[in-house]
There are 2 protein chains.
Amino acid sequence: MNKDKLISEIRRKGSFLCVGLDTDPKKIPSHLLREKDPVFTFNKAIIDATADHCVAYKPNLAFYEALGPAGLESLEKTMEYIPADFFTIADAKRGDIGNTAASYAKTFFETFNFDSVTVAPYMGRDSVDPFLNYEGKWAILLALTSNKSSADFQMKKLENGRYLYEEVIQESKEWGSDSDLMYVVGATKADLLLSIRKFIPNHFLLVPGVGAQGGSLSEVAQYGMNKDVGLLVNSSRGILYASNGDDFAEAAKREAKKLHTEMKELLSKV
Amino acid sequence: MNKDKLISEIRRKGSFLCVGLDTDPKKIPSHLLREKDPVFTFNKAIIDATADHCVAYKPNLAFYEALGPAGLESLEKTMEYIPADFFTIADAKRGDIGNTAASYAKTFFETFNFDSVTVAPYMGRDSVDPFLNYEGKWAILLALTSNKSSADFQMKKLENGRYLYEEVIQESKEWGSDSDLMYVVGATKADLLLSIRKFIPNHFLLVPGVGAQGGSLSEVAQYGMNKDVGLLVNSSRGILYASNGDDFAEAAKREAKKLHTEMKELLSKV
């Protein structure tokens, strides 16, 4: 999906919500475990329940791989089920040398037909480049993540005065454009979005950490929104596991709708 | 596999060679494509041909995932085929927040029963910790990689005077011990092994980049070997694709044996 189409979907729906499909068989309602493919059955119900309220879905690969080949089959079925007008993100955080990165790009863009994949920057440009050679596809580079230990290295100051995460943004923005490169910035660091926007005023940001991790949606919008909205805000556990009873899909819809309503309000102001 | 057992296997065989199973259907001999599972058939022949000359096998996940569920089945069969006295490395370069990292640890240590997994450090301690809670299992942290673009961030100097890769080693060595943590250091940076050994005299290093990438085995041994050998040197393409004819397994054996002979010689000096 290209940038214009993404922006128009966000405007049309009044939502920049991404639903993270971190589907863990240990956390889904136990009655689903009797199904042939509990993970896909759960995802299908979640997609049906949330489709009116979001513009993107983001399966995290860790949860599918943990189930072996059957997990990748659940992922394939999930990807086939998601309608074409949703932006899809493989949350994979891959990063490897050139020929291997090219194989990961093939995995996510061709085998599974995702629109985008999250990529770790530690190995530098040649580990990211192979993700940038696909028409209408995106690399989403980790910049400042939402976890506590992001301070260990991302917030280390370099000799040149920049924090490592700033250096990652500053260097990498030349590798692609705001039409094939996005950045992950955690909602738990919303105050830093203002300075990040100085480096990349026009890029989309994928913002995890609203909900279970404690980030504030209104602060993210206040500091991070640009003229094209420029945000995809993700919620995973807060939506998926709002209830673990028979009403899990209704509960997921309620949580997604809450965020949607708040987003409509925030979008009406810009 | 614990550290004592790994050292004793290296001593017994006179080899610290790891064979990287980066099995790409586009590069394997075309006559294998008629097999039901070409990737497993190729791996099986490579394992049979190289088992006398190496102590470890390292499948790179990118090549298996690119084939979807069938690729993970080939990986499962490969893991079942590798005898128990070989050290196995999932070259996955994962790194994600705590609950997701825990799911990756489960994937590689439980679902696929690897001894170790390569992990990217960018997200910090809580993305690595879940890999350290398994008896006899290892996290292998990226420190200084063999690719050209490792200079982009890993070789950036911090305010405290250290390079980022040195900071990664210095900080992370406290997260585990030399019995559950190794580091990736590329053979293309052999001269830096001397300074790396000042930070971590006792840890094992996984060293890719010998062969196709141009690193020198004798330099790696000269600068990186410690009292326990402390090295696993990987070769992937140089062994796997030594020939793409009917003689691919013999050619792989010949290349593995060449490295083994050189390793025996290097080990006899210490």
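Axes are lines fitted to C-alpha atoms, for helices over the stretch in contact, and angles between N-to-C directions run from 0 to 180 degrees. This is a predicted model, in which local features need pLDDT of at least 70 and side-chain atom pairs count only at pLDDT 80 or more, whereas totals for chains, interfaces and linings use all residues. Residues are numbered from 1 along each chain as its sequence is written, and chains are lettered from A and ligands numbered from 1 in the order in which they are written.

**View 1. Helix 2 and helix 4 of chain B.** Helix 2 (residues 38-50) of chain B packs on helix 4 (residues 69-81) of chain B at an angle of about 25°, and their axes are 9 Å apart. Helices (H or I, at least four residues) and strands (E, at least two) are DSSP runs, numbered from the N terminus. The angle makes helix 2 of chain B roughly parallel to helix 4 of chain B; angles under 35 degrees count as roughly parallel, over 145 as roughly antiparallel, 65 to 115 as roughly perpendicular and the rest as oblique. The crossing of these two helices of chain B is right-handed (a crossing is left-handed if the near helix is turned anticlockwise from the far one by less than a right angle, and right-handed if clockwise). Val39(B), Phe40(B), Asn43(B), Lys44(B) and Ile47(B) of helix 2 meet Gly71(B), Ser74(B), Lys77(B), Thr78(B) and Tyr81(B) of helix 4; residues are in contact if their C-beta atoms, placed from the backbone, lie within 7 Å. By class, this contact has 4 nonpolar, 4 polar and 2 charged residues (Ala, Val, Leu, Ile, Met, Phe, Trp, Tyr, Cys and Pro count as nonpolar, Asp, Glu, Lys and Arg as charged, and the others, Gly among them, as polar).

**View 2. Helix 4 of chain A against helix 4 of chain B.** The two helices pack at an angle of about 175°, with their axes 8 Å apart. Helix 4 of chain A and helix 4 of chain B are therefore roughly antiparallel to each other. Pro69(A), Leu72(A), Glu73(A) and Glu76(A) meet Pro69(B), Leu72(B), Glu73(B) and Glu76(B).

**View 3. The side of chain A that touches chain B.** Contacts link 49 residues of chain A with 49 residues of chain B. Elements giving two or more residues to this side of chain A include helix 3 (61-65), strand 3 (87-94), helix 5 (98-111) and helix 7 (164-172). Helix 5 of chain A provides the largest share, 7 residues. By class, this side of chain A has 17 nonpolar, 16 polar and 16 charged residues.

**View 4. The relation of the two chains.** The same surface serves both copies, as 100% of the contact residues of chain A recur in chain B.

**View 5. The barrel of chain A.** In chain A, 8 strands form a closed barrel in the order 1-2-3-4-5-6-7-8, with parallel pairing (two strands pair if DSSP finds at least two bridges between them). The twist averages 30° from one strand to the next. Strand 7 (residues 205-207) and strand 8 (residues 231-235) of chain A run parallel and are joined by 3 bridges. Val207(A) stands opposite Val233(A) in strand 8 of chain A. Helix 7 of chain A lies across strand 5 (138-144) and strand 6 (181-185) of chain A, and runs at about 150° to strand 5.

Technical notes:
Contact = placed C-beta atoms within 7 Å.
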